[in-house]
Amino acid sequence: MGTCTRKLDEPNIGLEITSYLTEKHPALKNMDDSTALLSTGMLDSLSLIDLVDYLERSFGIRFEAEELVAEHFETVSRIETLIRQKMG
């Protein structure tokens, strides 16, 4: 498990995730933290793998296999919640 280098109260987690997603996927430029990402097809399985890799590297966390379910990655808000739980 990686060492968390960020603070739990850091307010920019959602913004960092949004910036990453819009940089990699320009079609998401108008998204907000409640935009459905997977159920709408905005992100596919390969994009999700890239996102998980980015999150693990950026936030110094490791996802367990049972955490890698669509519900956790459906919106930026849900992703942020999961990251904050892991960082807690």
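Predicted model: local features only at pLDDT ≥ 70, side-chain atom pairs only at ≥ 80, totals over all residues.

Visitor: Why is α2 called oblique to α3?

Guide: The axes of α2 (residues 45-59) and α3 (residues 76-87) come within 12 Å and cross at roughly 40 degrees. Under 35 degrees would count as roughly parallel, and roughly perpendicular runs from 65 to 115. The pair therefore ends up oblique. As for handedness, the crossing of α2 and α3 is right-handed.

Visitor: Which residues of α2 and α3 meet there?

Guide: From α2 you get L51, L55 and F59, and they meet I79, I83 and M87 of α3. By class, that contact has 6 nonpolar residues, with no polar and no charged ones.

Visitor: What makes L51 stand out in the largest nonpolar core?

Guide: The core has 22 residues, and L51 is among those touching the most other members, along with L21, L55, F73 and I83. Helices α1 (13-24), α2 and α3 each supply at least two residues of this core. Skipping neighbours within four places in sequence, L51 is in contact with Y20, L21, L43, F73 and I79.

Visitor: And E80, how do you know whether it counts as buried or exposed?

Guide: Check the number: relative accessibility is 18% for E80. The cut-off for buried is under 20%, so E80 counts as buried.

Visitor: Where is E80 found, and what is it in contact with?

Guide: E80 sits in helix α3. Again leaving out neighbours within four places in sequence, E80 is in contact with I13, G14 and I17.

Technical notes:
Residues numbered from 1 in each chain as written. Heavy atoms only, no water. Axes fitted to C-alpha atoms, helices over the stretch in contact; angles between N-to-C directions. Helix = DSSP H or I, 4+ residues; strand = E, 2+ residues; numbered from the N terminus. Parallel < 35°, antiparallel > 145°, perpendicular 65-115°, else oblique. Left-handed = near helix turned anticlockwise from the far one by under 90°. Contact = heavy atoms within 4.5 Å. Nonpolar A, V, L, I, M, F, W, Y, C, P; charged D, E, K, R; others polar. Core = buried A, V, L, I, M, F, W, Y, C linked by side-chain atoms within 4.5 Å. Buried < 20%, exposed > 50% of the residue type's maximum accessible area, 1.4 Å probe, protein only.
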